[in-house]
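Please read the points with the model open.

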Amino acid sequence: MEPRLIVKNRVESTQDEARKLALKGEPEGLAVMALDQGQGRGRLGRSWVSPPGKNVALSMLLRPEVPPGDATLLGMLASTAVAETLEILGLTGVRLKWPNDVLLDGRKVAGILSEARVNGSEIEFVIIGIGLNVNTATEDFPPELRQTVTSMAASSGREWDLNEVAGRLLERIAALYDRVGREGCRFLVPQWETRWLHRGHVLVRGDTKGTAVGLTEDGALLLRTEEGSVVRIDSGEVNPAL
Ligand code: BTN
């Protein structure tokens, strides 16, 4: 797949821009990037706030020939692509938090929002949204987030060219996606797990608490509870037990 990039100054959400194009029949591989979003969306109904011109916010349209159950794996493809991009650019200590946050120095540097349109037993298209903190300074993050988020610049002490970062990222997405085309999705989970921060850690989601023992082939999280049963978690917010 040959990625194509459109850059806009300001949109409400790049997810919506990419979706409109998808509904008009746009072929896969198009990424819509915006320097500013009025209503950037995060996972779980949250908003994604990013100061104008500082960070990469883009949405890529894919039309994968995989079963709808594998849609989650495309989010893992995206977080792996972000991790690879950071490493190619020389950053170290890149880790992943389930389902697909990217961490630098233990703090969130990128988030992924994957939205699929399914038609019967087929995925019609998936829009992979990526928000990557590139040049935000620590003091530009709201005080309540400063301990938990970071940017490439805050971690490395230098500024980065947004176009270069976005270009590299699209290359890595395309390389992983081409591999999915050749081999299917099954390599994505083991690849994702090589950077997994929380293997063996005790994690909590709502009332469920257990040791993170692994992931399923389709990307769900497996927690072994104190009673010894293994619980499958398909979505939501999972954090280390305090
Ligand atoms: C998260 O909650 O961690 C996911 C954040 C995803 C944000 C990106 S920015 C580009 C794209 N457009 C959006 O409105 N959201 C995603």
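1. The cover over the buried residues of α1 includes β1 (4–11), β2 (30–37), β3 (56–62), β6 (107–119) and β7 (122–132). Buried means under 20% relative accessible area, exposed over 50%, and partly exposed in between (1.4 Å probe, protein chains only). Helices (H or I, at least four residues) and strands (E, at least two) are DSSP runs, numbered from the N terminus.

2. This is a predicted model: local features need pLDDT of at least 70, side-chain atom pairs count only at pLDDT 80 or more, and totals for chains, interfaces and linings use all residues. Residues are numbered from 1 along each chain as its sequence is written, and side-chain values use heavy atoms, with hydrogens and water left out.

3. Helix α1 spans residues 14–23. Its buried residues are Thr-14, Gln-15, Glu-17, Ala-18 and Ala-22.

4. Look at the ends of α1. Ser-13 caps the N-terminal end, with a side-chain oxygen 3.1 Å from the backbone nitrogen of Gln-15. Gly-25 follows α1 and has a positive phi, near 100°.

5. Thr-14 sits in α1. It counts as buried because its relative accessibility is 3%. Its side chain makes a polar contact with the side chain of Ser-59, at 2.7 Å. A polar contact is a pair of N or O atoms within 3.5 Å; within protein, one must be able to donate a hydrogen and the other to accept it, and residues adjacent in sequence count only if both atoms are side-chain atoms. Leaving aside neighbours within four places in sequence, Thr-14 is in contact (heavy atoms within 4.5 Å) with residues including Val-32, Met-33 and Ala-57.

6. Which loop holds Arg-186? The one between α4 (162–183) and α5 (188–193). Arg-186 counts as partly exposed because its relative accessibility is 40%. Beyond its neighbours within four places in sequence, Arg-186 is in contact with Asp-70, Leu-73 and Glu-217. The backbone oxygen of Glu-217 lies 3.3 Å from a polar atom of the Arg-186 side chain.

7. Arg-186 and Glu-115 make a pair to check for distance. They are 71 residues apart in sequence and 20 Å apart in space, C-alpha to C-alpha.
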